[in-house]
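Biologist: Can you walk me through this model? I'd like to go piece by piece.

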Amino acid sequence: MSETWVYRFNQVADAEKAVGGDWEEVRGLLGGKGANLGEMSRLGVPVPPGFTITTRACNEYIANGGKFPEGLSDQITEARHAIETDTGKKFGDPNNPLLMSCRSGAKFSMPGMMDTVLNIGLNDDVVEGLAALSGDPRFAYDSYRRLVQMFGSVVLGYKDELFEQVLTEYRVKRGVTNDAELSVDDLKEIVARFRRIAKGFPDDPKEQLRLAVEAVFRSWNGKRAIDYRNAAGIAHDLGTAVNIQVMVFGNLGADSATGVAMSRDGATGEPHIEGDYLMNAQGEDVVAGTRATNDLPELGNELPKAFDELKDISNKLEQHYRDMQDMEFTVEQGRLWLLQTRDGKRTAQAAVRIAVDMAEEGLITRQEAVRRVAPEQVDFFLHPQLTGDSRQDAVAQGRLLGTGLNVSPGAAVGVVAFDPDLAERWREEGKDVLLVRPETKPDDVHGMIAAEGILTSRGGRTSHAALVARQFGKPAVVGMDGLEIEPDNHVMRVGILEISEGDWVSIDGNTGEVFHGKLDTFVPDLSDPSLVKLLGWADEFRDLGVRANADYPVDAKRARDYGAEGIGLCRTEHMFFEEERLPIVQAMIMASRPSERRDALDELLPLQRADFLGLFEAMDGLPVIIRLMDPPLHEFLPAWEKLVDEVADRKIRLRAADSLEALNESLSELEHAEKLVHAVERLRESNPMLGLRGVRLSVIYPEITRMQVRAIIEAACDAVDNGVTVKPEIMIPLSVDAGELAWVADILREEAAQVLAERGRDLDYRIGTMIETPRAAITAGALAETAEFFSFGTNDLTQTTFAISRDDAEASFLTNYISLGVLAENPFATLDDAGVGTLIKMAVNAGRSAREGIEVGICGEHGGEPKSIALCHSYGLDYVSCSPFRVPVARLAAAHAALAD
């Protein structure tokens with residue numbers, strides 16, 4: 001028995017039986033549109049008769065090199081004859097013509113990505129019969145010109161502009177604004193001209209239908225469809241179904257209309273029907289934007305009976321599908337027809353409200369409500385967004401400069417500053433600033449904090465700019481291809497366009513787009529009651545704890561407000577980059593004698609103590625993990641090349657001194673510059689990220705560790721005195737050997753004991769380590785003999801496992817690897833399960849075998865990424881830690897992971 005390639009809408013039960021009763025499989029076979037047309041028919045919803053050609057037929061057609069599979073043509077003919085019997089009309093008969101539409105319909109909605117042909121069945125004879133039968137020649141010839149235009153562009157491949165030029169010519173000639181105002185004589189002339197353009201347009205309706213089906217099949221592999229599937233994560237091997245349906249006409253006079261309706265507001269989620277419609281029009285007029293549409297409620301005044309029926313059907317379909325529905329409808333001479341229904345597209349705000357409302361209405365469960373909101377959608381509530389109108393206008397005006405990596409969500413609009421000091425100064429003057437740099441460095445932080453957003457021409461997803469932007473909730477686009485920045489000349493260039501310092505630029509951290517000029521934004525609200533309720537439900541379902549990476553009390557407070565259950569990572573070195581502290585840190589680094597270093601540390605001690613006290617107070621009763629200092633020390637000093645230039649400049653000034661006072665001042669400045677050069681030379685390393693940092697710093701300079709531990713324990717004691725419940729956890733970074741970890745832990749305990757003895761206190765604290773290298777993961781059992789907790793630093797663990805630099809890889813080869821399919825995903829964006837994940841599981845098992853109940857978490861950037869959070873759940877971790885602005889995302893993603901079990 002041959003394959004069934006065609007199912008009529010009223011045969012949906014047969015399709016269901018063919019795939020074993022699984023509705024998802026039905027959608028895979030008939031496409032979402034075909035399955036829903038069949039289901040609506042079964043529910044008694046008025047649907048024009050038709051049939052669906054399966055996705056399997058599409059895949060077979062493609063595999064056969066563009067040939068119909070055996071039996072498809074006969075099955076199409078059989079289904080068409082059945083429709084002719086049902087309707088009493090005949091395909092191609094001028095006396096009682098049957099016209100059909102041909103639409104795509106893949107399993108997953110891809111609106112506008114594939115092809116459609118309407119009014120199939122018209123030719124020079126049939127159009128005359130339709131004109132006589134309808135009593136409206138204008139309607140008949142308008143339908144005919146639409147067929148020739150659509151067929152010419154979609155099936156025959158002629159540029160649509162060729163047809164639009166003719167229409168424009170006639171509108172101008174007649175002094176009208178839209179096609180609906182052209183006369184029947186105009187339309188007859190237009191059809192004749194269209195047919196001269198669309199050479200190859202067949203008169204035979206059967207040939208029209210065959211070629212239209214083939215065009216829809218081919219459109220599955222069209223560029224826009226492929227691009228859409230890539231962006232939406234839809235598989236390329238699904239194929240599209242084709243829906244052949246009897247035409248109903250919304251352009252048959254004053255009692256006819258066509259439109260799109262949604263059962264709830266797609267922008268806000270409010271529970272009322274909304275949409276757009278046009279009187280006396282066909283469907284493409286509504287979506288093409290060529291005519292100003294009417295708000296759907298106005299249909300109640302023009303066609304009240306049809307509108308009331310539409311509202312009833314809308315409610316019926318929403319109850320059946322248990323989700324907000326997006327419906328296409330036509331009213332033909334007062335009679336309502338539904339042409340399609342599907343789960344409606346909605347904004348993040350609407351998605352949250354609809355999910356919560358439906359759960360409270362009893363339509364879905366709370367678990368379903370949580371799963372229906374994507375974790376990424378929560379970002380909407382945390383960052384400013386570009387308004388849709390403003391963005392569309394900018395694109396239309398050619399102001400889209402390009403696209404980079406979308407590393408930190410939200411929109412930022414500001415005047416360009418190429419220098420962080422200037423950014424800070426302009427911010428103090430009340431200006432909105434966009435910091436634009438080739439790449440950022442630690443000493444740019446003040447400018448980054450001052451800026452509304454950050455744009456760089458170099459860097460990857462875990463570059464300094466990306467990490468700091470996410471930490472402070474700054475929208476950022478990095479690694480923008482084609483962007484040339486000349487900070488010294490105060491200009492940047494994109495192609496031939498030159499943008500000067502002080503000009504307005506807008507960036508979209510959600511999409512990576514960069515625009516010239518000032519675009520409008522709006523600020524969503526995290527206090528949205530529906531979101532608060534949804535996240536509360538998510539907390540009930542998740543197993544993973546969610547903590548925050550926070551270095552300052554203000555970040556800690558924000559994280560707690562967003563639902564963080566503690567601090568999973570405080571990077572103490574970030575506290576040293578503040579302007580008033582940097583000279584003290586530099587003095588400590590450049591010290592040639594231990595006494596000089598102790599003097600600098602004594603100055604830093606009260607500053608660190610105050611920092612930690614603020615963190616403990618903000619996290620009252622919650623754990624706070626504080627990582628000991630972990631940067632390459634040279635990062636606190638100016639760049640060596642810059643210092644060498646400065647020494648040369650100071651020597652010139654010294655020779656030019658024209659007074660004893662100027663001479664002494666120049667000599668002092670030269671001595672300081674030379675001292676900095678020698679310090680930087682002493683600390684320079686060929687590979688500083690694998691050099692003197694992390695635990696090694698504590699071994700070589702134990703006095704730094706002692707100062708930090710003293711500050712932590714003293715702050716904890718002060719917090720207790722203030723009535724705060726403290727849970728300090730001290731993390732030793734970059735441990736790769738049990739010996740070095742034990743060495744530093746002994747120093748840590750000794751200093752803590754001394755402080756507690758001085759204070760006369762007994763205080764619980766824990767010592768742990770950050771696992772950032774394969775060796776640490778492999779020897780985790782030995783590390784657990786000292787460590788009371790593990791935290792996986794997956795930024796470094798990923799780059800040491802892959803042996804690639806996270807700062808350089810995306811710019812040099814990683815993007816190509818992903819586009820070529822060498823790697824499925826960017827391992828710095830989504831956790832690598834096969835490699836890094838295996839190491840994590842190995843370390844977790846070894847650690848728990850060596851120390852029962854050891855706490856295990858993750859604090860790398862993956863801790864805020866939904867797919868990675870799902871993996872962390874499967875690895876049995878206790879918590880994830882991420883930037884404060886990702887905490888709500890992580891809460892929802894953790895619930896998704898638990899519910900997926």
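**Helices, sheets and cores**

Modeller: Let's begin where a helix ends. Helix 13 is followed by Arg322, which has a positive phi, near 60°. Keep in mind that this is a predicted model.

Biologist: Which residues of helix 13 are buried?

Modeller: Ala306, Phe307, Leu310, Ile313, Ser314, Leu317, Glu318 and Tyr321 are buried there. They sit on the same side of helix 13, because they cover an arc of only 135° around the axis.

Biologist: And what does the face turned away from that side carry?

Modeller: Lys305 and Asp312, both exposed.

Biologist: What span should helix 13 have, and how far apart are its ends?

Modeller: Helix 13 covers residues 304–321, so its 18 residues should span 26 Å at 1.5 Å a residue. Its end C-alpha atoms are 26 Å apart, which agrees.

Biologist: Which strands does helix 13 lie across?

Modeller: Strand 8 (257–262), strand 11 and strand 12. Helix 13 runs at about 30° to strand 12.

Biologist: What is the strand order in the open sheet?

Modeller: The order is 10-9-8-11-12, five strands with antiparallel pairing. Strand 10 (294–295) and strand 12 (335–343) are the edges, and each pairs on one side only.

Biologist: How many bridges join strand 11 and strand 12?

Modeller: Eight, in the antiparallel sense, with strand 11 covering residues 325–332. Phe329 has Leu338 in strand 12 as its bridge partner.

Biologist: On to helix 14. How many of its residues are buried?

Modeller: 10 of its 13, which leaves helix 14 mostly covered. Among them are Val352, Ile354, Asp357 and Met358.

Biologist: What do those buried residues pack against?

Modeller: Helix 13, helix 15 (366–372) and helix 20 (529–541).

Biologist: How far does helix 14 reach, and what comes just after?

Modeller: Helix 14 (residues 348–360) reaches 19 Å from its first C-alpha to its last, close to the 18 Å expected. Just after helix 14 comes Gly362, with a positive phi of about 85°.

Biologist: New topic. Which residues have the most contacts inside the largest nonpolar core?

Modeller: Phe612, Phe616 and Ile713, in a core of 138 residues. Helix 27 (residues 702–721) gives the largest share of this core, 10 residues. There is also a second, separate core of 66 residues, including Tyr61, Met114, Val154 and Ile234.

Biologist: What is Phe612 in contact with, beyond four places in sequence?

Modeller: Cys570, Thr572, Met575, Ile626, Gln708, Ala711, Ile712 and Ala715.

Biologist: Now Asp611. Buried or exposed?

Modeller: Asp611 counts as buried, because its relative accessibility is 8% and the cut-off for buried is under 20%. Asp611 lies in helix 23 (residues 594–618).

Biologist: What does Asp611 touch, not counting residues up to four places away?

Modeller: Pro553, Met575 and Arg581.

Biologist: Last stop, strand 32. Which way do its residues point?

Modeller: Glu855 and Gly857 point one way, Val856 and Ile858 the other. All are buried.

Biologist: Parallel or antiparallel with strand 31?

Modeller: Parallel, over four bridges, with strand 31 at residues 789–792. The bridge partner of Phe792 in strand 32 is Ile858.

Biologist: How many bridges join strand 32 to strand 33?

Modeller: Two, and these strands run parallel, with strand 33 at residues 879–882.

Conventions. Residues numbered from 1 in each chain as written. Predicted model: local features only at pLDDT ≥ 70, side-chain atom pairs only at ≥ 80, totals over all residues. Heavy atoms only, no water. Expected span 1.5 Å × (residues − 1). Buried < 20%, exposed > 50% of the residue type's maximum accessible area, 1.4 Å probe, protein only. Arc of directions from axis to C-beta. Core = buried A, V, L, I, M, F, W, Y, C linked by side-chain atoms within 4.5 Å. Contact = heavy atoms within 4.5 Å. Pairing = 2+ DSSP bridges. Axes fitted to C-alpha atoms, helices over the stretch in contact; angles between N-to-C directions.
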